[in-house]
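Good morning, everyone, and thank you for making time for this. I would like to walk you through one structure slowly, taking the sheets and the helices in turn.

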Protein chains: 2
Amino acid sequence: VRLADLGEFELIARLTQGLDVRPDVVLGVGDDAALLDLRPDALLVATCDAQVEDRHFLRGVATPEDIGHKALAVNLSDIAAMGAEPLWALVSLVVPPALPVAELDGLYSGLRALARRYGVAVVGGNVAATSGPLVVDVTVLGKVPRGAALTRSGGRPGDRLLVTGTLGAAAAGLLAVRDPAAVGGLPPAVLARVREALVRPEPRVAEGRALASTGDVTALLDISDGLAADLGHLCAASGTGAVVEAESLPVDDATRAVAAALGRDPLPLALGGGEDYQLLCAVRPEGVERVRTAVAQVGGSATPIGYLTDATEGMRLRHRDGTLEALAPVGWDHLRA
Amino acid sequence: VRLADLGEFELIARLTQGLDVRPDVVLGVGDDAALLDLRPDALLVATCDAQVEDRHFLRGVATPEDIGHKALAVNLSDIAAMGAEPLWALVSLVVPPALPVAELDGLYSGLRALARRYGVAVVGGNVAATSGPLVVDVTVLGKVPRGAALTRSGGRPGDRLLVTGTLGAAAAGLLAVRDPAAVGGLPPAVLARVREALVRPEPRVAEGRALASTGDVTALLDISDGLAADLGHLCAASGTGAVVEAESLPVDDATRAVAAALGRDPLPLALGGGEDYQLLCAVRPEGVERVRTAVAQVGGSATPIGYLTDATEGMRLRHRDGTLEALAPVGWDHLRA
């Protein structure tokens, strides 16, 4: 069945049937707008992010389920980056009319599976046609207790920098996809790991809330453009510089394997690869152990990778031998790429 | 300047500089997500709608300001259709990198001018690149007092149907654009009126809130797909049929003029043309005059056009001579069109 045969309203009915009923969703999909019940002790958190075919995903690499997963995941990552709890999502699809409906079914299925895991209700959306590539634009709304949100701007010189999980796997996944012959000899588990990081990133929602709960985190954001670029955003917003210790970076093991197979240095993948969707935070020095424990308690990890400095010192990378070099806040630019 | 030269972050800074500061916008554009203060007596209302180049707007016909205006207007119309008050907008742009930045400046300028008029704060958004047409996807959030929202589903047999403003002008605008030679002899004011209806629809926000304030409205939605199609949605949600009186329809005067110049009957334009962005409501019979007065007090109009019936009677059109014919709930389908 092509989309053009199914029609807009049948498609919406098909995609949204059986959405969960929840008390905070007073009215969900099907009217002009959703009606949502936000409790009075909270602030509303809102973010949106679009995934575009051939830019953010490749139809031959990512399955429809992967595409739906990632379209929601990148938004949940932004909610996590506020230390907030995601609640509701609106899904806007811009689709080529000739697209098989089964692909949208798969996309929505991947999206809804992730939504269910994080307690997110899909409460609305839109479908429009295009002569161009598929676009999946998702808005996620969430809540955070008043005064508890973590932004990019609270970091101060002396604060430690910590990053959740590992870095560079999505970038390694992209390299592996582009040169399958060169990585063909690697263990399947390695290839599966970097592919998964590329097409099905896991948003660090539990880690974000754990970080917020400590009271020790001064600034927080998610790593979507690459560690160096996003650290640049944190420094610009906080009015600081930073030192990153190269040997402390939690470079993903599978990333090291892929980089070795390709004869590349894994460090640039961890610094500038982008799409890690890990969290980067600044932490008061005396709170580092509390923060690491809090993140461990939700099943994650947080690795110290450096510290904030005065703004005049800029961003620098410290190598194993103690030498310092300037670290350019450069990563992925969606318009230039 | 091409977008590809400017880059994502400079573009965002350029588009969002000087956004209004408001107490309910705790944190706006520039972090991972916006932080918004919804007062406890209200429900949150959320909707999203995308405008796609060559589908919803034609770059040669609509100016960049028009495109930005309409992208927000269609969402404000959905908020109006709940009887709610719009508060916040997120603007997601999917742009060809070669697009001149001046066009996006114009687009954002048109969007922000309309936002200012309706007290809407732009609190976030996203920019992504595409190899396809320009897409402007807007999410609008608003509020409505608990219990006061008007949905599509409350209509009952015997309720009167009223529509705000006039019908058919956007459809006439599209016909005029497609056949400029045939309408060249019409007065400039007529052509300006139907063009304006097509490219710069006015959302009926004040009318929606006035309708909600009466307590007499049982069902409400906006007319985006066409009167017959949207009445079909109202009837399906309310479990009713309907009779529409052809001679009561407030066909736009400029629409009559354009239809006459093209040798067409204006009635189908009013019934099925789509994109009117007027409000259609069902009203308790004893409340009709109160409703008309309430809408008049905010500078609008509401015209009785028929009534709801039992569902078994279906949707029918009554002609001047008293004959009834079946009225198909057919209008614009974004995927089939």
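Before anything else, a term that I will need in a moment: two strands are said to pair when DSSP finds at least two bridges between them. With that in hand, please keep in mind that what you see is a predicted model, and look at strand β7 of chain A, residues 160-164, which is joined by four bridges to strand β10 of chain A, residues 279-283, the two running antiparallel. If you pick out Val163(A), you will find that its bridge partner in β10(A) is Leu280(A).

Let me now step back to chain A as a whole, which has 12 helices and 13 strands. Its C-alpha trace spans about 65 × 55 × 35 Å along the principal axes. A compact globule with 337 residues would have a radius of gyration near 20 Å, and chain A, at 21 Å, agrees with that.

Now to the sheet that holds the pair we began with. In chain A, seven strands form an open sheet, and their order is β8-β10-β7-β11-β9-β12-β13, with mixed pairing. Which strands stand at the edges of this sheet? They are β8 (217-222) and β13 (324-326) of chain A, and each has a single partner strand, so one side of each is left without a neighbour in the sheet. If we ignore direction, neighbouring strands here are turned by 25° against each other on average.

In general, two packed helices are described by the angle between their axes and the distance between the axes. For helix α8 (residues 205-214) and helix α12 (residues 288-297), both of chain A, the axes come within 9 Å and cross at roughly 145°, and the crossing is right-handed. On the α8(A) side the contact is made by Glu207(A), Ala210(A), Leu211(A) and Thr214(A), while α12(A) contributes Arg290(A), Val291(A), Ala294(A) and Val295(A). Sorted by class, this contact has five nonpolar, one polar and two charged residues.

Another pair in chain A is helix α5 (residues 169-178) with helix α7 (residues 188-199), whose axes are 7 Å apart and which pack at an angle of about 110°. These two helices are therefore roughly perpendicular to each other. Among the residues that make the contact are Ala169(A), Gly173(A) and Val177(A) of α5(A), together with Leu191(A), Val194(A) and Leu198(A) of α7(A). By class, the contact has 10 nonpolar, one polar and two charged residues.

Let us move to chain B, where seven strands form an open sheet in the order β8-β10-β7-β11-β9-β12-β13, again with mixed pairing. Its edge strands, β8 (217-222) and β13 (324-326) of chain B, each pair on one side only, and the twist from one strand to the next averages 25°. Within this sheet, strand β9 (residues 240-245) and strand β11 (residues 302-310) of chain B pair in the antiparallel sense over five bridges, and Val244(B) stands opposite Gly306(B) in β11(B).

I will finish with helix α7 (residues 188-199) and helix α10 (residues 253-261) of chain B, which pack at an angle of about 110° with their axes 9 Å apart; that makes α7(B) roughly perpendicular to α10(B). Here Val190(B), Arg193(B) and Val194(B) of α7(B) meet Ala254(B), Thr255(B), Ala257(B) and Val258(B) of α10(B), and by class these residues divide into five nonpolar, one polar and one charged.

Note on methods: Residues are numbered from 1 along each chain as its sequence is written. Chains are lettered from A and ligands numbered from 1 in the order in which they are written. This is a predicted model: local features need pLDDT of at least 70, side-chain atom pairs count only at pLDDT 80 or more; totals for chains, interfaces and linings use all residues. Side-chain values use heavy atoms; hydrogens and water are left out. Axes are lines fitted to C-alpha atoms, for helices over the stretch in contact, and angles run from 0 to 180 degrees between N-to-C directions. A crossing is left-handed if the near helix is turned anticlockwise from the far one by less than a right angle, and right-handed if clockwise. Contact means heavy atoms within 4.5 Å. Ala, Val, Leu, Ile, Met, Phe, Trp, Tyr, Cys and Pro count as nonpolar, Asp, Glu, Lys and Arg as charged, and the others, Gly among them, as polar. Angles under 35 degrees count as roughly parallel, over 145 as roughly antiparallel, 65 to 115 as roughly perpendicular and the rest as oblique. The radius of gyration is taken over C-alpha atoms; the globule rule is 2.2 Å times the number of residues to the power 0.38.
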